[in-house]
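Hi everyone, thanks for coming.

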Amino acid sequence: MQSQLIERAKALLADGTVDRVLGWKAGEFAYDMTPALFSSAQELDEGFAYDAFCGANLSKYLVKESRKGGRVLAFLKPCDTYSMNQLLKEHRILRENVYLIGVPCQGKTDVETLRALGITSITAARQEGEDLVVETLYGQRRIPLAEAMAERCKACKGKKHMIYDERIGEEGELENPDRFGQVAALEAMSSEERFAFWRGELSRCIRCNACRNVCPACTCEQCVFDNPASGVDNKAAATSFEENMFHIIRAFHVAGRCTDCGECSRVCPQRIPLHLLNRKFIKDINTFYGEYQAGEEAEGRTPLTAYTEGDVEPSVVYTKGGND
Amino acid sequence: MKKLPLSQMPALYAAMAQGGALYLPVDNAAGDAQFTRWQEGMELSRALNTVRSAKDFFFPQTENLVSFRMQGKTIEIIDPRTEGEDFVLFGVRACDARSFTILDKVFLADPVDSYYKSRREHGTVVTLACTRPEETCFCQSFGIDPADPEGDAACWLTEDALYITARTAKGEALLARLDGLLEDADPAPVEAQKAQTAAILAKLPLAQFTTRSFGGDVLMKAFDSPKWASLSEACLGCGTCTFVCPTCQCYDIRDFDTGHGIQRYRCWDSCMYSDFTKMAHGNPRTSQLERFRQRFMHKLVYFPANNDGEYGCVGCGRCLAKCPISMNIVKVAKALEGDVHE
Amino acid sequence: MQVNEGFKPTIVAFCCNWCSYAGADLAGTNRLQYPADVKIIRVPCSCRVNPLFILRAFQRGADGVILCGCHPGDCHYTTGNYYARRRMTLLFSMLDYLGIERERTRVEWVSAAEGVKFAATMNDFVSTVTALGENKRLEDLRCKAN
């Protein structure tokens, strides 16, 4: 697969369709791919990588890249194409300056997911059939790829690309995974239990802003939490209130626009399940205003920029099921 | 060298916690090690290291410096510091132990930071030797021996016992308090462990990594390298590397209006942030390239230039493990090596 | 309903300029009683209320926050309250999800003619929040009066 991508990128560079390529670059170890730009065949040969560890969603980089002049080729996995559409809907990417190639994805793993499975000290990794074989400093570990996948890939929306100029591989199928099981489990808890759960999670936050900065839906020129005129700017949460506020508002600001790409949870150094906040909004939107998947289309209104006269009243929150 | 059978660990923790607090790495809700205040029943995490470094205990993420209370036309100035509590920091790894030396150079140099100094004085650092270093470890590049860590006292865990030795007067005092639990020990098992760890260290992927080429007069060569553009292009501008780093020590001082007064506090800052060192005229570093460069120049060039060649890095590997885009000091140093050599 | 003797909650009521604020005025001129613990903040439209306003009210010591606007269909700006309705529904549901008592937040539509409804709404909300007691889960200790 990797060589196929490289060949296509080289051809598009050679015929002048694009003048640079946005992809993933191999690093020191087997797993530390960095998003990178390549502008020659030589650079592609030297460092371009595409494998089970290339999890980073590249769509957000196009906000900047599409404004740099010239045309950039970007490789997008199926779930990245939802982010791409959403960014186009918000007029954040200049479409004419990007050339999109949809690449197939069988699910991604990452070093944190492997660590959670007790696999550390990784020196090499390769795919063997359905298995991931990981060499570590302390011996070899073999694990089915399906088990090694990140949580977001286990709840994959499907292998179908929403937008592309050309596609490598067959057209994929949409899937309908149960994405809301954990949210429903939390809803079924008592209010006290939920409070304890979220305190336990959010109190680990170090306010590094990785979740915000990686999020393809967070593209404000200046974030409200960085704006000294907003009255809520801060660099560290001094109290539990500020921890809660940051995460409530971060999730709210992307409500109706979040495609559930899962980058926030992937990058969190403290492994806070941030996607459970976003999915709560998605679940509520589906329940209250009808099924909606952000990024399916590059046009149209999002649930929070639309309304109907018969919308449910906010009091639905008191009368909904579950415990209080 | 003293020792204690592993079955006695709870008693050891209880004794260390006497007359103060004991903090040690314990697994948190996410299954990661986190320094936690010891309570009966808590067990030492088996993870190699904590996600957050041990610097938090001397240089916390947020800290009140002074409070002002307004009543009518009078302003009362309140020093929020209370007499600090003595505490023991147990299970600190060699890399983090060295980071305190680096932080001391910043905070204990004139003018002395009295908030930091007070915490340093109240804390006793008990280190724990590593036996299973990971692929991201490169402390040996900075002359740190993870099998023989610094600290007020150092420990080695073997299959059946904990070996402990004091290295400073504070460590001696701690050991004196634990005397009833400890027995004299033959250091042979510790020496055997050191040899075993040394063999693993030699095989680590970053065993040959060195920052030596940055020590000399390379400031402008490094600063002007054309490589910064490609190195920084994917940087998200988040603060992960800074906040998990045991040696990053930049902070911001801010006022919080409580409605009835002001709390002036300091909090960690990150040079990766767009409002880092922002002044009335704006920000001196307007692009992510400049901000990114600042972080690595500081660690590799500016800090050693001002501190007798000591780098602002201890090779703990946290940034390698945690950077969302997997860009880190090792990649940067390797990429720039050629440019500073020329 | 249980009563919480001696506890007087602080309530913040965001009222839209065109309907609910006038409704509050009417309640006043008609000498209808509602607790003085309700602090009214006038906003141009219910959709001016950003979720941050709600959170910051709690931070600054509110025990309950209520948003009042024109009835759906009657917005002075035609559609503002429809957007506010969606936002607040989702926000309140999220607060509930985080384990913050859902009864501490409320939206009511109060027209300029509904002085009686305004007073009744406030009386009811104050008694609900009084029964809940002090806001502990979304408090900022720095802001507590000392």
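What you see is a predicted model, where local features need pLDDT of at least 70 and side-chain atom pairs count only at pLDDT 80 or more, while totals for chains, interfaces and linings use all residues. Residues are numbered from 1 along each chain as its sequence is written, and chains are lettered from A and ligands numbered from 1 in the order in which they are written.

Let's start with chain C. Of its 146 residues, 58% count as buried. Chain C has four helices and four strands; these are DSSP runs, H or I of at least four residues for helices and E of at least two for strands, numbered from the N terminus. Along the sequence they follow the pattern β-α-β-α-β-α-β-α. The C-alpha trace spans about 40 × 35 × 30 Å along its principal axes.

Now, contacts: two residues are in contact if their C-beta atoms, placed from the backbone, lie within 7 Å. Among the contacts in chain C with a separation of 6 or more, 82% join residues 24 or more positions apart.

How does chain C meet chain A? The contact takes 34 residues from chain C and 33 from chain A. On the chain C side, α3(C) gives the most, with 14 residues. That side divides into 16 nonpolar, six polar and 12 charged residues. Here Ala, Val, Leu, Ile, Met, Phe, Trp, Tyr, Cys and Pro count as nonpolar, Asp, Glu, Lys and Arg as charged, and the others, Gly among them, as polar.

Chain B touches chain A too, and that contact takes 39 residues from chain B and 35 from chain A. The chain B side divides into 19 nonpolar, nine polar and 11 charged residues.

Finally, chain A itself. It is divided into domain 1 (1-108 + 154-176), domain 2 (110-148) and domain 3 (178-324), with bounds from an automatic or database domain assignment.

Notes. Buried ≥ 20, exposed ≤ 12 C-beta atoms within 10 Å, placed from the backbone.
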